[in-house]
Amino acid sequence: MSPLDLPADLRSRLRRLSLTPRRPALLPAAGRHDSRNRGGGLEFAQYRPYERGDDLRRIDWKLYARSDRFFLRDAERESPVAIWIVLDASASMSQADLATPQWSRFDAARRLAASLIQIALQQGDRFGLMVASAGAPVVIEPGAGPRHRDRLSLALASLQPEGVAQWTRDVAVLGQRLGPSDLVLILSDGFDDDCVAGAERLAASGRDVALIQILTADERDFPFDDGYRFEDSETDDHVVGDGRALRADYLARMAEARAALVARLDAHGVRHALHVLDEPADRPIRALFGEAART
């Protein structure tokens, strides 16, 4: 299955999640940020099939009488909030676990991106994409609706992780496009200091920033018992050693590095969560934003 094809059980759980800015833009007469709200917009946008958990009051009963199926009449109005997904496409994101070489950090990041897009779509906000890469920055300006989701999906499907991402350049490009109420979600392994520094700069400018650090299960557990050559995919640095002998020191160093990253992000007001490749994609989203049942 492609990382962009969300399993049915994941889609079901995503319906109960929302992406909430810390400082939402408020409607003049309502208590939440303006968006392409279903049921509260200015003009008709489209019909969509009823899904479990939708508000029954928004069902178009006349259409039901004609089709014997439940549809909701969606209205839309332009949202001042945009969800920006920033994807790390550096070579280190190609890392996978030995037991599951077909599922890399980059695959997990793209599934997270698809999940975030799905939530933004269902809550009516605009969403855009920035790919931090070694080549020219890839930027897709925020938009809304299924067609824009498909546009981002096509872009995500064609990407390959390679080289060293130019975070300083790409964060500067992103900063020029951010609105005051936008939410920035960075998907990265968090190993590049320029990535973390970029998140700090955006937060210092008053932007709402969150970082999801993506690690392999091998990095979390270090389950190696035999001799291995451990390589850095971006620098070609390597270490040769016995996994069992290296385990205790590695786990201690990893815990220290994680604690330092968390302290650094906390100090700059950057929200953060950890995602490991053997965990479901909704777990870090729930850790960042909590869960609100939709009734």
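Predicted model: local features only at pLDDT ≥ 70, side-chain atom pairs only at ≥ 80, totals over all residues.
Residues are numbered from 1 along each chain as its sequence is written, and side-chain values use heavy atoms, with hydrogens and water left out. Local features need pLDDT of at least 70 and side-chain atom pairs count only at pLDDT 80 or more, whereas totals for chains, interfaces and linings use all residues.

The protein chain has nine helices and twelve strands; helices (H or I, at least four residues) and strands (E, at least two) are DSSP runs numbered from the N terminus. Of its 295 residues, 47% count as buried, where buried means under 20% relative accessible area, exposed over 50%, and partly exposed in between, with a 1.4 Å probe and protein chains only. The chain exposes about 14,600 Å², and carbon and sulfur atoms supply 51% of that area; accessible areas come from the Shrake-Rupley method with a 1.4 Å probe, and for residues only the protein chains shown count as cover. Among contacts (heavy atoms within 4.5 Å) between residues at least 6 apart in sequence, 73% join residues at least 24 apart.

Strand S6, residues 126–132, is mostly covered, with seven of its seven residues buried. In a regular strand the side chains alternate between the two faces of the sheet. In S6 both faces are covered: Arg126, Gly128, Met130 and Ala132 are buried on one side, and Phe127, Leu129 and Val131 on the other. Strands pair if DSSP finds at least two bridges between them. Seven bridges join S6 to strand S3 (residues 82–88) in a parallel arrangement, and Leu87 stands opposite Val131. Strand S7 (residues 138–143) is joined to S6 by four bridges and runs antiparallel to S6, with Leu129 opposite Ile140. A hairpin connects S6 to S7 through five residues.

A nonpolar core is a set of buried Ala, Val, Leu, Ile, Met, Phe, Trp, Tyr and Cys residues joined through side-chain atoms within 4.5 Å. In the largest one, of 44 residues, the members that touch the most others are Leu19, Leu129, Leu185, Leu187, Ile214 and Ile285. Two or more residues come from each of helix H1 (8–14), S3, helix H3 (105–123), S6, helix H4 (146–157), strand S8 (183–188), strand S9 (208–215) and helix H9 (282–289). H3 gives the most, with eleven residues. Apart from this core lies another, of 23 residues, including Trp167, Val171, Leu178 and Leu211. Leaving aside neighbours within four places in sequence, Ile285 is in contact with Leu14, Leu17, Leu19, Leu112, Ser115, Leu116, Ile119 and Gly290.

Leu152 lies in helix H4 and counts as buried because its relative accessibility is 0%. Beyond neighbours within four places in sequence, Leu152 is in contact with Ile117, Phe127, Gly128, Leu129 and Ile140. The C-alpha atoms of Leu152 and Ile140 are separated by 7.5 Å, and the two residues are twelve apart along the chain.

Arg13, in helix H1, counts as partly exposed because its relative accessibility is 26%. Leaving aside neighbours within four places in sequence, Arg13 is in contact with Pro280, Asp282 and Arg286. The side chains of Arg13 and Asp282 are joined by a polar contact of 2.9 Å; a polar contact is a pair of N or O atoms within 3.5 Å, and within protein one must be able to donate a hydrogen and the other to accept it, while residues adjacent in sequence count only if both atoms are side-chain atoms. Arg13 and Arg283 are 270 residues apart along the chain, with their C-alpha atoms separated by 9.8 Å.
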